[in-house]
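Dear colleague,

Please find below the structure that I am handing over to you, together with its sequence. My findings follow directly after it.

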Amino acid sequence: MISLETERQIRREWALRAERMQPAASPFHPDYGLPQDLRLTILRTAEQTDPATAAKTHNVGVSTIYRWRAIMRDA
């Protein structure tokens, strides 16, 4: 079990990461594929576990997660 302060630090770090991952405008076309918030959820899951587990959990390809990471990093 982690301490309350450690949990708060983790939550703050994830909030900062979420802000960095959300570009002003989505690099993805809104009429194609998954919504931006779902993509971010999948990417957060991949950060917490690993891409293979996140891909299996959310029923997307592992290569898709790596591609989304690259796109979000370059955006």
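N59 lies in the loop between α3 and α4, where helices are DSSP runs (H or I, at least four residues; strands are E, at least two) numbered from the N terminus. Although N59 is not a glycine, its phi is positive, at about 60 degrees. Most residues other than glycine have a negative phi. N59 is exposed, with a relative accessible area of 71% (buried means under 20%, exposed over 50%, partly exposed in between; 1.4 Å probe, protein chains only).

The model is predicted: local features need pLDDT of at least 70, side-chain atom pairs count only at pLDDT 80 or more, and totals for chains, interfaces and linings use all residues. Residues are numbered from 1 along each chain as its sequence is written, and side-chain values use heavy atoms, with hydrogens and water left out.

As to confidence, the protein chain has an average pLDDT of 82, and 81% of the residues score at least 70 (pLDDT is the predictor's confidence in each residue, from 0 to 100). Among the elements of the chain, α3 has the highest mean pLDDT (93), and helix α1 (residues 4–21) the lowest (78).

Helix α3 (residues 51–58) and helix α4 (residues 62–74) have axes that come within 8 Å and cross at roughly 115 degrees (axes are lines fitted to C-alpha atoms, for helices over the stretch in contact, and angles run from 0 to 180 degrees between N-to-C directions). The two helices are therefore roughly perpendicular to each other (65 to 115 degrees; under 35 counts as roughly parallel, over 145 as roughly antiparallel and the rest as oblique). On the α3 side, P51, A52, A54 and A55 make the contact, and on the α4 side V62, I65, Y66 and R69 (contact means heavy atoms within 4.5 Å).

Helix α2 (residues 36–48) also packs with α4, at an angle of about 105 degrees and with the axes 10 Å apart. This makes α2 roughly perpendicular to α4. The contact is formed by Q36, R39, L40, I42, L43, A46 and E47 of α2 with I65, W68, R69 and M72 of α4.

Finally, R20 is located in helix α1 and counts as exposed, at 63% relative accessibility. The C-alpha atoms of R20 and M72 are separated by 8.9 Å, while the two residues are 52 residues apart along the chain.

Yours sincerely
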